[in-house]
Amino acid sequence: MNYVGIALCLLSCMGAALGMGFATGKAVEAIARQPEASSKINASLLLGLALTESAAIYGFVTALILIFAGPTASS
């Protein structure tokens, strides 16, 4: 099986998790500094998290496709 390809696809999941954690931390920090802007910050945060999560899902689905329907090396 092409384990290197699968690992590269799952790397996007790890990157998305790190990005979501970083973005959430920065949003909490921004709300702590300007509580009156929390609705705008939350809206931007949710949009960014949705886009980041979609990238993780694409990587995960691609990895599943490689696992279950990928080419097999037969000799």
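These legends accompany several close-up views of one predicted model.

The model is predicted, so local features need pLDDT of at least 70 and side-chain atom pairs count only at pLDDT 80 or more, while totals for chains, interfaces and linings use all residues. Residues are numbered from 1 along each chain as its sequence is written, and side-chain values use heavy atoms, with hydrogens and water left out.

View 1. Helices (H or I, at least four residues) and strands (E, at least two) are DSSP runs, numbered from the N terminus. Along the principal axes, the C-alpha atoms fill a box of roughly 65 × 15 × 10 Å.

**View 2. Helix H2 and its buried residues.** Helix H2 covers residues 38–69, and its 32 residues should span 46 Å at 1.5 Å a residue, which agrees with the 45 Å between its end C-alpha atoms; the expected span is 1.5 Å times one less than the number of residues. Ile41, Leu45, Ala56, Gly59 and Ala63 are the buried residues of H2, where buried means under 20% relative accessible area, exposed means over 50%, and partly exposed lies in between (1.4 Å probe, protein chains only). These buried residues pack against helix H1 (3–33).

**View 3. Leu45 in helix H2.** With 16% relative accessibility, Leu45 counts as buried. Leaving aside its neighbours within four places in sequence, Leu45 is in contact (heavy atoms within 4.5 Å) with Ala23, Thr24 and Ala27. Between Leu45 and Ile31, which are 14 residues apart in sequence, the C-alpha to C-alpha distance is 11 Å.

**View 4. A nonpolar surface patch of about 730 Å².** The patch is made by Leu10, Ile57, Phe60, Val61, Leu64, Ile65, Ile67 and Phe68, and helix H2 provides its largest share, seven residues. Accessible areas come from the Shrake-Rupley method with a 1.4 Å probe, and for residues only the protein chains shown count as cover. Leu64, found in helix H2, counts as partly exposed at 32% relative accessibility.

Methods. Patch = residues over 30% accessible without salt bridge, like charges linked within 9 Å, V, L, I, M, F, W, Y side chains within 5 Å. Salt bridge = Lys/Arg side-chain N within 4 Å of Asp/Glu carboxyl O.
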